[in-house]
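Biologist: Before I use these labels, I want to hear what stands behind each of them. Please set each value against its definition.

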Amino acid sequence: MAEPVAQTIHRDPALFYWILFPITVVMILTGVLRHYATVLLASAPKKQELPAIREQRSLLRGINLRNNANAISPSAFAARKNYMISAYKEGTFLKNPENRGRAAGNPMTDPAAMEGMMGMMKGNMAMMVPQTLIMSWINAFFAGFVIMKLPFPLTLRFKSMLQSGVMTRDLDVRWVSSLSWYFLNLFGLQSVFIFILGNDNAADQMAQQMSQMNPGAGANMFQPGQDPDKVFQSETENLEVLEHEYILKGVEERLLDSIAQSN
């Protein structure tokens with residue numbers, strides 16, 4: 001059986017110095033600049049008031065009780081459950097008990113929500129503007145170039161990802177175009193940024209997209225415009241219907257049975 005003929009393309013060696021190397025360097029420098037721009041544009045977090053912290057931590061306490069209920073004894077679970085349900089129903093942990101039962105305010109009038117939206121817009125600007133400029137630069141000067149060949153085989157599913165901007169049907173999938181090299185650098189330089197800037201950096205494109213999708217993670221248990229009292233009542237229902245099963249129930253008998261079976 002004859003072996004398939006290897007596809008060969010005669011390329012100018014200068015493509016490495018004039019296309020591949022410049023794109024890589026520009027992407028690394030852009031990530032570093034994006035990191036420092038994000039640090040400069042980020043506003044210092046405001047110190048939360050004690051009632052707001054208590055409101056959030058009280059909800060988190062109920063969630064932790066529900067998730068780890070099987071690790072405590074029935075009497076300890078019943079005592080904690082009754083206390084949390086009673087406090088939730090009475091509104092003990094609410095930041096503003098006098099607003100209980102009223103309609104939630106407009107989140108656009110909340111200074112904290114507006115500040116969060118402005119921070120999100122700043123992050124989007126620091127992420128989108130450099131990428132738009134680099135994309136235009138590559139399309140203007142490097143469009144249509146095939147710059148390298150990968151040393152390992154790939155399936156045809158990778159052809160559209162590795163050969164963007166090169167409309168050839170019979171080209172081997174291992175060849176990489178200049179535009180695809182830009183996308184590979186865009187999502188594949190995380191290790192380089194961690195080495196240069198450390199683990200907690202704002203240069204990674206994927207990390208910034210995840211933070212934009214969930215900007216309030218870990219900062220506030222309640223979304224803008226959400227009524228905390230309704231959240232507490234929902235958690236009350238979850239605790240009321242929870243079935244408790246102690247994981248150490250009958251542990252002595254189970255231990256003795258396992259020893260007897262081993263002997």
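**Labels and their grounds**

Biologist: Why is Lys159 called buried?
Modeller: Lys159 has a relative accessibility of 16%. Buried means under 20% relative accessible area, exposed over 50%, and partly exposed in between (1.4 Å probe, protein chains only). Lys159 therefore counts as buried.

Biologist: What kind of model is this, and what are the ground rules?
Modeller: This is a predicted model, in which local features need pLDDT of at least 70 and side-chain atom pairs count only at pLDDT 80 or more, while totals for chains, interfaces and linings use all residues. Residues are numbered from 1 along each chain as its sequence is written, and side-chain values use heavy atoms, with hydrogens and water left out.

Biologist: Where does Lys159 lie, and which residues does Lys159 contact?
Modeller: Lys159 lies in helix H5 (residues 159–162). Helices (H or I, at least four residues) and strands (E, at least two) are DSSP runs, numbered from the N terminus. With neighbours within four places in sequence set aside, Lys159 is in contact (heavy atoms within 4.5 Å) with Thr168, Arg169, Leu171 and Val173. Between Lys159 and Asp172 there are 8.2 Å, C-alpha to C-alpha, and 13 residues in sequence.

Biologist: What makes Tyr88 buried or exposed?
Modeller: The relative accessibility of Tyr88 is 1%, so Tyr88 counts as buried. Tyr88 belongs to helix H3. Not counting residues up to four places away in sequence, Tyr88 touches residues including Ser58, Leu59, Gly62, Phe93 and Asp229. Tyr88 and Asp229 are 141 residues apart in sequence, yet 7.9 Å apart in space, C-alpha to C-alpha.

Biologist: How do H2 and H3 pack, and what is the handedness of their crossing?
Modeller: Helix H2 (residues 50–67) and helix H3 (residues 74–90) pack at about 145 degrees, with axes 11 Å apart. Axes are lines fitted to C-alpha atoms, for helices over the stretch in contact, and angles run from 0 to 180 degrees between N-to-C directions. Their crossing is left-handed, that is, the near helix is turned anticlockwise from the far one by less than a right angle. H2 contributes Ser58, Leu59, Arg61, Gly62 and Leu65 to the contact, and H3 contributes Phe77, Arg80, Lys81, Tyr83, Met84 and Tyr88.

Biologist: How many helices and strands does the protein have, and what share of the residues is buried?
Modeller: The protein has 10 helices and 2 strands. Of its 263 residues, 30% count as buried. Among contacts between residues at least 6 apart in sequence, 72% join residues at least 24 apart.
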